[in-house]
Amino acid sequence: MSNQSSVERSTAPASPLLSVKQLRVDLPVAKGTLHAVRGIDFHVERGEMLCLVGESGCGKSMTSLALMGLLPRKAQINADCLNFDGVDLLTVSEHERSNLRGARMAMIFQEPMTALNPAYTLGNQLCEALRRHQLVSRKAAHDRALYLLKRVGISAAEERMRQYPHQLSGGLRQRVMIAMALMCEPDLIIADEPTTALDVTIQAQILHLLRDLQQEFGTAVIFITHDLGVVARIADRVAVMYAGEVIETASAQALFHAPSHPYTQGLLRCIPTPSKTLPGSRLQAIPGVVPSLVDKVEGCAFCNRCDHADERCYSTPPLQTVADRHLSRCHFAHQLANPATINAQEVTL
Amino acid sequence: MSSVAHHLDPLALELCALSKTFKLGGGMLHKSRTLKAVNDVSLRVPRGQVMGLVGESGCGKSTLAKMLLGLTPPSAGDVLINGKAIVNANQKALARHIQPIFQDPYSSLNPRQRIAQIVGLPLRIHGIGTSKEQAVKVEEMLDMVGLPKRAAQQYPGQMSGGQRQRVAIARALIMRPDLVICDEPTSALDVSVQAQILNLLLDLKDEFGLTYLFISHDLAVVEHLADRLAVMYLGQIVEEGTREQIFTAPRHPYTQALLASALTPEPGLGVPDIGLGAGQPDPTQPPSGCAFHPRCPVAQPTCSQQAPTLSAIAQTSDQATRQGNQARVACHFA
């Protein structure tokens, strides 16, 4: 797998590019405190594609904003460790932070129309991204922008450089965003639902491009999405989030073939999959709704929707290792990971 | 009902050469441009079936839905519901037969009304029953869509997206329509909730004998729900057939590309390189000949000169034709 090759290519396999331990994000809201992210652990290796997957409100976007230092001012961020290639992101000054942002870690947002400045030409914005961080001539910046626009598949790039964001279609704008993120050759790109607003044909093209570039430049990517189809096709590793926690991490293969957390299993069962689900049959929906994160959540956050829950689930489950590099936050993780105890056909998607 | 009577039933929905043209711009210095949002669309939907309608954004799916609902008049052509043309039908009479469920349950419900008022509004407008009878009907309907009794006194703001979509479904079905236009009903919902709503739609279809026109860009969902499928590109239907015909043997290169770009949750397959080029061309200046030819991987010189017609695929059996099952495709080389 590409996962293997990209990890081998890294210079220091012992230390991950980004390591996050016990990250918490709290937001004051009218009714109290919203615990948007409740102590999550994950790491990103150099050059790998990590997918953060979860439903709306599970804290995946808050996590990405916390990493970029773009959280709302009133948000409170705590962590045992938030380390980006030797830099402690918790104590770093705002000045150093803005030197990192764009240069070493870049972000691609869901809606490129709101992320691009409507009043400047694309060439202007692309060049600014580079010249903010590096001492290069206008000409050099222009050349690099032109090269990247061509590289992301934009024809008539010279002409596009003089255009404004509104003159482009959604797919082209997202290509420009990718080019912009690559201007300084960052080590890490955080892509927050970059293809959700696009048509399926355009989505396939953008994902193809992102995967190509990621492998060519050896950039690590945190890809945030709610679409399990996308996850299956592009991820090296996956972290599944639920109610502000990472509840399962595994390689893409392991997660889809042997999910061990009841929530992951439920998610995989409830999407109609061609040739696996009978058309017109009832889908196995997950009953109930996500708990409110405004108050303290006691025990397992998923227990009120879970088929396997018993009295043990009133206590917070630890993150358990079910296989090599496969962690699950469930009291029953070992039982559920063992195909003998569950209907293997239901789980194997 | 005997099977013979059923066979003679008029189609639930029939579109005859339906078109909608918009005039854009125009002024002292600019010439106005015409946009053919829907261009000569003919479609027959038998009673009790789910017709899926797929295509990229801007292909005219929603304009088509608006014409069916009587929200915008067609520029040409006819819409027949239960065999009757709706062109001059009054909006109130039409609303008894056809109801919409929209994509965004956050903006389609009045935030300042209680759920009971929202769901009961159609009954009040049509003057059906006393207010007591209406309240009973609303309660029944909320129960059918799986909402608790107390939901009746809540406001939309107190509900989750899935619950709101249930309210929208209850409102659509309280008049017991024959035909429901579902315009991306689950694309604003999370996957775990999407499954609940799809199950509900399937249950209610059997319960009330509904016919759905199901508009979606999610091919997995359409494959799960639809009996038949129509694929639209730049205002025209380019292929139509049963679910099996479309998903197992798509004829049109656009349908093939659309199916190839659907990402199923199967790890290790990677992202397909569909080679479609950039997005749709400007719909105000559609390409000559076949509208798909600039993006088509198998285009020939004739494709840019001559527009293909949507014609029945030859191999379809006589029986299939009689049952309205014939497949149609608009491509010179299909």
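1. The model is predicted. Chain B contains 12 helices and 12 strands. Its C-alpha trace spans about 70 × 55 × 45 Å along the principal axes. A compact globule of 334 residues would have a radius of gyration near 20 Å, and the 21 Å of chain B agrees with this.

2. Burial and contact range in chain B. Of the 334 residues of chain B, 46% count as buried. Among contacts in chain B with a separation of 6 or more, 65% are between residues 24 or more positions apart.

3. The four-stranded sheet of chain B. Four strands of chain B form an open sheet in the order β2-β1-β4-β5, with antiparallel pairing. Its edge strands are β2 (33–45) and β5 (84–85) of chain B, each of which pairs on one side only. Helix α2 (residues 61–68) of chain B packs on this sheet, where it touches β1 (13–24), β2 and β4 of chain B. The direction of α2(B) makes about 65° with that of β2(B). Strand β4 (residues 76–81) of chain B is joined to β5(B) by two bridges, and the two strands run antiparallel. In this pairing, L80(B) stands opposite A85(B) of β5(B).

4. The eight-stranded sheet of chain B. A further open sheet, of eight strands, has the order β6-β7-β8-β3-β9-β10-β12-β11 in chain B, and its pairing is mixed. At the edges stand β6 (98–101) and β11 (311–312) of chain B; each has a single partner strand, so one side of each lacks a neighbour in the sheet. Between β6(B) and strand β7 (residues 179–183) of chain B there are four bridges, and these strands run parallel. Here Q99(B) stands opposite V180(B) in β7(B). Helix α10 (residues 253–261) of chain B packs on the sheet and touches β3 (50–54), β9 (228–233) and β10 (236–242) of chain B. The direction of α10(B) makes about 105° with that of β9(B).

5. Covering of α10(B). How many of the nine residues of α10(B) are buried? Seven are, and the helix is accordingly described as mostly covered. The buried residues are P253(B), Y254(B), T255(B), A257(B), L258(B), L259(B) and S261(B). Their cover includes α9 (200–217) of chain A, together with β3, α8, β9, β10 and α9 of chain B.

6. The contact between the chains. In the interface, 36 residues of chain B are in contact with 41 residues of chain A. On the chain B side, the elements giving two or more residues are α7 (191–208), α8 (219–225), α9 (243–248) and α10 of chain B. The largest share of that side, seven residues, comes from α7(B). By class, the residues of the chain B side divide into 18 nonpolar, 12 polar and six charged.

7. The largest nonpolar core. This core has 202 residues, of which F223(A), V238(A), L213(B), F214(B) and V231(B) touch the most other members. Helix α8 (residues 170–182) of chain A supplies the largest share of the core, eight residues. Beyond its neighbours within four places in sequence, F214(B) is in contact with V50(B), M51(B), G52(B), L53(B), C182(B), V222(B), L225(B) and A226(B).

8. Strands β7 and β8 of chain A. Strand β7 (residues 105–108) of chain A is covered on both faces: M105(A) and M107(A) on one side, and A106(A) and I108(A) on the other, are all buried. Four bridges join β7(A) to β8(A), and the two strands run parallel. The bridge partner of I108(A) in β8(A) is A191(A).

9. The setting of L188(A). L188(A) lies in strand β8 (residues 188–192) of chain A. Why does L188(A) count as buried? It does so because 23 C-beta neighbours lie inside 10 Å, the threshold for burial being 20 or more. Leaving aside neighbours within four places in sequence, L188(A) is in contact with L17(A), L18(A), V44(A), R104(A), M105(A), A220(A) and I222(A). L188(A) and R101(A) are 87 residues apart in sequence, and their C-alpha atoms are 9.9 Å apart in space.

Key. Residues numbered from 1 in each chain as written. Chains lettered and ligands numbered in written order. Predicted model: local features only at pLDDT ≥ 70, side-chain atom pairs only at ≥ 80, totals over all residues. Core = buried A, V, L, I, M, F, W, Y, C linked by C-beta atoms within 7 Å. Buried ≥ 20, exposed ≤ 12 C-beta atoms within 10 Å, placed from the backbone. Contact = placed C-beta atoms within 7 Å. Pairing = 2+ DSSP bridges. Axes fitted to C-alpha atoms, helices over the stretch in contact; angles between N-to-C directions. Nonpolar A, V, L, I, M, F, W, Y, C, P; charged D, E, K, R; others polar. Rg over C-alpha atoms; globule rule 2.2 N^0.38 Å.
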